[in-house]
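Dear colleague,

Please find the structure below, followed by a short account of what was found in it.

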Amino acid sequence: MLRQVLLRLVTTLVTLFGVAVIVFVVIRVVPGNPVAMMLPPGAGPEDMARLQALYGLDKSIPKQFVIWLGGVVQGDFGTSITTRQPVAGLVLGRLPATLELSVMALVIAVVWGGIVALVGTRFRGGRAEAAIDVGNGIALSVPDFLWGLVLILLFGVLWPVFHISGRVSPSLDLPFVTNFYLFESVIRLRFDLWWDIVGHMLMPALALAFPLAAIVAQLLKQSLKETMHLDYVTLARTKGYGETRVILREALRNAVLPTLTLVGVQFTFLIGGTVIVERLFSYEGLGNMAIDAVINRDLPLIQGIVILFAVIFTAVNLIVDLLYAVLNPRLRHA
Amino acid sequence: MKLTRRSLLQASAATVALGFAKPVLAQAIDELVIAYNVNLPSWDPTVGLSGVNPTLQGFYQTVFDQFILQKPDLSPAPGLLTAWGWSDDRKQVWMDVREGVKWHDGSPFTAEDVAWSLVRVAKPETGSPIQFVWGTLTNHRVEGNRVIADVAQFDPTIFKWMYFLTGYVLPKAYYERVGAEGFEAAPIGTGPYKVEKYERNAFVRLKANADYWGGKPEFDTVTIKFVTDAASRVAEVESGNSHVTLEMPYEEFDRLKGKAGLAGVAKPISDIGMIFFNDIDVMTDPNVRKAAVMAVDKQTIIDRLLSGYGVAIDTLETPDYDAYDPSIKTPYDPEGAKALLAASGYGPDKPVKFKIQTTKGFKPKDYEIIQAIVGLWRRVGIEAEIEVYEIAKHFELRAADQLAPAAFYNWGNSVGDPTTSTGFAMYGPSPHSVWDGQDVIDMINPLWGEADEAKRIEGWKGVSRHIAENALVLPLLQYVQPILHDARVKVTPHASGALLPHLMTRA
């Protein structure tokens with residue numbers, strides 16, 4: 001087991017290096033020079049050369065990469081061109097917002113999808129299951145940003161109960177020392193702040209959660225259906241257990257394993273989905289920052305964000321694999 | 001009361017609704033909330049990309065003062081500088097500094113601040129992108145309440161730059177004490193509002209500067225939310241979460257401005273839409289260029305695609321600019337276009353072909369406008385292939401003089417001087433120009449340093465006429481900026497496009 005973990009860590013490092021190389025080269029090769037964007041009227045070629053040198057873009061790409069990698073090894077991801085702030089501080093400062101949003105969306109998706117799957121399994125073959133299948137189809141076929149627009153229209157404009165933009169009301173004084181606002185508001189027992197933060201997060205979280213909830217529901221329902229035909233489930237029925245108890249106590253534990261793997265994989269996609277949804281809701285997370293960085297061709301910031309996303313993706317995959325091994329005895333003893 | 005499942009659900013829903021519900025459209029607006037269309041990446045208005053980004057100037061002019069004030073009609077007025085000018089021999093500039101002004105931290109504003117700010121933006125190492133302008137002044141010195149500098153290279157527009165990009169006065173003592181990073185964290189200026197709270201990518205909360213030399217602004221507290229998505233901005237105002245917003249589809253603007261409780265104002269701003277012609281391939285044929293200009297019915301495009309919000313233009317100078325000449329016209333004439341193309345051997349059956357580049361969604365209906373133009377061109381015998389690119393690619397290609405034969409762009413010129421519109425857009429050696437014709441270069445060269453203002457402006461009008469007669473560029477329209485707002489707020493639009501909270505009052 002330990003050997004497997006170490007092997008995964010090594011492959012993770014290789015993956016991250018590969019991502020770093022690709023991102024570094026690609027964003028410099030595609031058209032869109034940040035210095036060309038900041039040239040004002042009247043600037044001449046010498047002004048362009050001066051700014052290229054100022055931002056280190058006058059060197060060859062391999063040389064730029066070596067300099068950047070040397071900094072990364074020491075924890076220095078460079079300085080953002082647009083904000084003139086250290087990249088590491090910027091991306092780590094925004095990471096908590098994106099993580100909180102993603103986790104909230106994941107929780108909603110798993111709870112919602114789980115309940116729907118259980119209800120669909122309990123009433124399989126009937127109208128309830130048909131309605132659930134139709135609902136799942138709709139949830140899956142509508143992309144998250146469109147769900148966001150629907151939610152804004154419903155709960156932001158027609159029945160304005162949630163906040164349309166931002167992460168917290170500007171008028172509130174925040175006593176937080178971390179950027180995990182939701183978590184810290186609970187720790188500090190500041191439920192007034194918690195309520196305000198949730199009011200800002202619910203719509204983007206729901207927009208992200210709907211498609212994932214549908215996937216969870218479909219897969220778990222299918223797994224449960226298959227499990228319901230196994231001998232040990234039949235045995236439970238012959239013991240006189242009710243259908244609900246059979247599903248919850250007997251079938252669910254085995255049926256949940258494939259769903260767990262899927263949730264892990266989908267969580268990484270969910271974090272990727274925050275890019276558009278955060279933009280739509282002006283949520284101050286990594287995704288929103290990423291779009292600005294791309295528009296402004298803020299090369300160091302793009303690199304920092306992509307590397308962080310890559311770290312999250314590989315870490316989530318690693319955790320899911322380990323969790324799966326723990327829950328599945330066949331893998332644990334392999 | 002009997003508790004049923006239905007009543008419990010209803011009670012829960014009501015509780016949630018009441019809990020999250022915000023006071024929407026209360027009677028009096030205590031705190032003005034503006035949904036802005038861009039994020040503010042940096043508080044230093046003099047360096048990097050932010051310094052030359054026209055859409056950010058509204059933030060900066062809210063907190064900082066420029067050397068010279070610019071009124072909503074783009075004309076200059078006394079600000080931190082109360083008077084300014086050149087010596088008779090044009091070897092020196094002098095600037096008189098307003099007395100009694102305080103920085104947001106209460107410290108006195110002095111002539112030293114003005115001199116230091118001018119010196120700082122002239123230094124290449126600060127990252128000032130306009131160093132080439134500020135560097136034309138040297139040997140800055142303070143004599144009492146007057147700042148004097150020597151003119152290293154005469155630039156007739158130097159005082160216009162003092163209310164243009166990077167022309168801001170920053171606090172010398174404070175900046176030197178806190179450094180660049182400290183200034184980003186807690187910026188202070190002499191402007192109408194003080195920064196109270198700033199959340200990157202989220203909002204800035206401002207408090208009125210009670211000591212502002214121009215008078216205390218009407219709203220004590222202003223929150224500017226950064227809402228980059230147009231649909232969300234509209235929803236912000238429609239729901240009452242924000243009181244003012246800008247830049248939305250004109251159809252949405254028309255729909256909402258008549259709605260109860262809402263109002264709208266739409267005025268032309270200093271930005272224009274244009275099509276660059278690169279002097280390569282078929283664009284070296286004057287008949288092709290002239291036909292391409294004559295075949296475009298600008299007014300119909302404005303009416304149909306922009307709901308009438310736009311002003312058709314025939315030169316790169318709008319009616320608000322100093323060198324605008326209403327006598328220069330390039331009328332819509334499709335038959336004339338056909339005749340010109342026929343003279344060069346082209347026609348609807350044998351069209352002249354070239355590529356046109358455009359952004360999509362960067363400016364209102366940019367792609368649709370180009371589609372319409374390509375359709376109009378097709379009728380006279382021009383077959384243009386559309387290539388969509390990002391604005392970043394446009395900048396790079398333009399700087400390298402590698403744009404396609406035709407390329408759509410928008411040009412901003414909030415000081416209205418011909419050098420910063422026609423000049424830099426059409427002067428071959430400029431990295432912003434893709435037209436390299438020597439005739440234009442020769443016409444423009446003497447104008448850069450022309451000291452006689454009337455002669456200078458007449459010279460630029462002559463350049464515009466030459467450009468129009470030879471169809472070296474296709475000017476399209478002056479943009480109109482839609483501002484949607486709560487009916488209880490009176491908004492004074494600024495022709496530069498900056499949305500300024502201190503120009504807003506209670507209706």
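How many bridges join strand 13 (residues 311–312) of chain B to strand 17 of chain B, and in which sense do the two run? Two bridges join them, and the strands run antiparallel; A312(B) has L477(B) as its bridge partner in strand 17. Strands are DSSP runs (E, at least two residues) and helices likewise (H or I, at least four), numbered from the N terminus; two strands pair if DSSP finds at least two bridges between them.

The model is predicted: local features need pLDDT of at least 70 and side-chain atom pairs count only at pLDDT 80 or more, while totals for chains, interfaces and linings use all residues. Residues are numbered from 1 along each chain as its sequence is written, and chains are lettered from A and ligands numbered from 1 in the order in which they are written.

Strand 17 (residues 473–486) of chain B has 14 of its 14 residues buried, so it is largely enclosed by the rest of the structure. Buried here means that 20 or more other C-beta atoms, placed from the backbone, lie within 10 Å of the residue's own. Strand 17 also pairs in the antiparallel sense with strand 12 (residues 262–277) over 12 bridges, where G264(B) stands opposite L484(B). With strand 11 (residues 244–246), the antiparallel pairing has three bridges.

K298(B), in helix 11 (residues 298–305), touches A312(B), L476(B) and L477(B), not counting residues up to four places away in sequence; contact requires C-beta atoms within 7 Å. K298(B) is buried, with 23 other C-beta atoms within 10 Å.

Yours sincerely

Methods. A residue is buried if 20 or more other C-beta atoms lie within 10 Å of its own, exposed if 12 or fewer, and partly exposed in between; C-beta atoms are placed from the backbone. Two residues are in contact if their C-beta atoms, placed from the backbone, lie within 7 Å.
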